[in-house]
Amino acid sequence: MDDAAAHKLFPEIAEEVFTAPLIRPAHVGEDWLEAAQRVYTEPEHAMWDELCARQLTLLPNRAAPEFLDGLEALKLAAGGVPNFDRLSAQLHAATGWTIVPVPSVIPDHVFFYHLANRRFPAGNFIRSRETMDYIMEPDVFHDVFGHAPMLIQPKLADFLQRLGAGVWKALRYNHLRALGALYWYTVEFGLVDTPQGFRLYGAGIASSPAETVFSLEGRSPNRLHFSLERVMRTDYVTSDLQQTYFVIESFEHLFREMATRPFDQIYASLKPAFQYATSAVLDTDRIYQLGTQEYALRGGRGSRAAPV
């Protein structure tokens, strides 16, 4: 896409609207897309395989059945970093989605624009052995292993597209971070209630061995019933394990909430900053677990606290 075409797709954003001032690499246009998926080395393919093998020992009986079905359908553990063209062809046939390469973290409004067009931006790099357990920027393992299995599931795929399509309304009200919180507590760190108990479906959990266990079995975090407006008013943690997880009833219910709620009224009622802290529990919350917050109170990742 050339810059002229990109300008037509991205409405002008007023200066008073808050977006991340990320520096765009010179080799990408305003859509931040790279021309092609990079060619990975053998050690990088081996890193993918090692990360996959580690997660595959943890996800059975913890991941949602839909996630495990998607993982199997897409053959993400078949050996090496998956080819984006192959994945995109399979996803497009199922739900109309594709995987597109980006150099690193991209601005939220650009990210949501791609979601609105059923394109999922995936980091065009993989973590090193030194950052195997934790990486600040989402890499190809997080983006593909974590997200692609749910993109093949129609209800979550439709929810994600509708979420992305809401970006311009969020910007109009200057509440992009509120939309980001909804994304964060569902697509990245969501849990779902199933007949077998709570199961994970968020990519940030599914791609992390520590969070896979912590989110479902840790005594530190809160586990609360999902409420769309509550979530949009809640701050979130970007550099450590979550202090609160929200549990949806079903993917169908999540989509209905996104499709039917009056977002103009919600945005008009929001304060400039988040109303609730990451660990907050309200009198109106339906509480599944009132967490001890022990992990966060001991200093979290920075203090090497045990994720209990």
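## Basis of the values

Because the model is predicted, local features need pLDDT of at least 70 and side-chain atom pairs count only at pLDDT 80 or more, whereas totals for chains, interfaces and linings use all residues. Residues are numbered from 1 along each chain as its sequence is written, and side-chain values use heavy atoms, with hydrogens and water left out.

## Aromatic pairs

A pair of aromatic rings is described by the distance of the centres and the angle of the planes. The structure holds 18 aromatic pairs, where rings of Phe, Tyr and Trp (its six-membered ring) pair if their centres lie within 6.5 Å, and where planes under 30 degrees apart count as stacked, over 60 as edge-to-face and the rest as tilted. The pair of F141 and F145 is stacked, because the ring centres are 4.7 Å apart and the planes stand at 15 degrees. These two residues are 4 residues apart in helix α6 (residues 140-146), so about one helical turn separates F141 from F145; helices here are DSSP runs (H or I, at least four residues), numbered from the N terminus. Both F141 and F145 are buried, a term that means under 20% relative accessible area with a 1.4 Å probe, protein chains only.

The rings of F263 and Y267 have their centres 6.0 Å apart and their planes at 45 degrees, so this pair is tilted. F263 and Y267 both belong to helix α15 (residues 263-269), where they lie 4 residues apart, about one turn of the helix, and both are buried.

## Ring cluster and charge over a ring

Ring pairs also link W184, Y185, F189, Y236, F246 and F274 into a cluster. Elsewhere, the charged end of R301 sits over the ring of Y134, 3.8 Å from its centre; for this, NZ of Lys or CZ of Arg must be within 6 Å of the ring centre and within 35 degrees of the ring normal.

## Helices α8 and α10

The axes of helix α8 (residues 154-165) and helix α10 (residues 176-188), as lines fitted to C-alpha atoms over the stretch in contact, come within 10 Å and cross at roughly 165 degrees. That makes α8 roughly antiparallel to α10, the term for angles over 145 degrees. The contact (heavy atoms within 4.5 Å) is made by F159, L160 and L163 of α8 and by L179, L182, Y183, T186 and V187 of α10.

## A buried loop residue

D31 is found in the loop between α1 (3-9) and α2 (42-56), and D31 is buried, with a relative accessible area of 4%. The C-alpha atoms of D31 and I106 are separated by 9.1 Å, although the two residues are 75 residues apart along the chain.

Methods: Buried < 20%, exposed > 50% of the residue type's maximum accessible area, 1.4 Å probe, protein only. Axes fitted to C-alpha atoms, helices over the stretch in contact; angles between N-to-C directions. Parallel < 35°, antiparallel > 145°, perpendicular 65-115°, else oblique.
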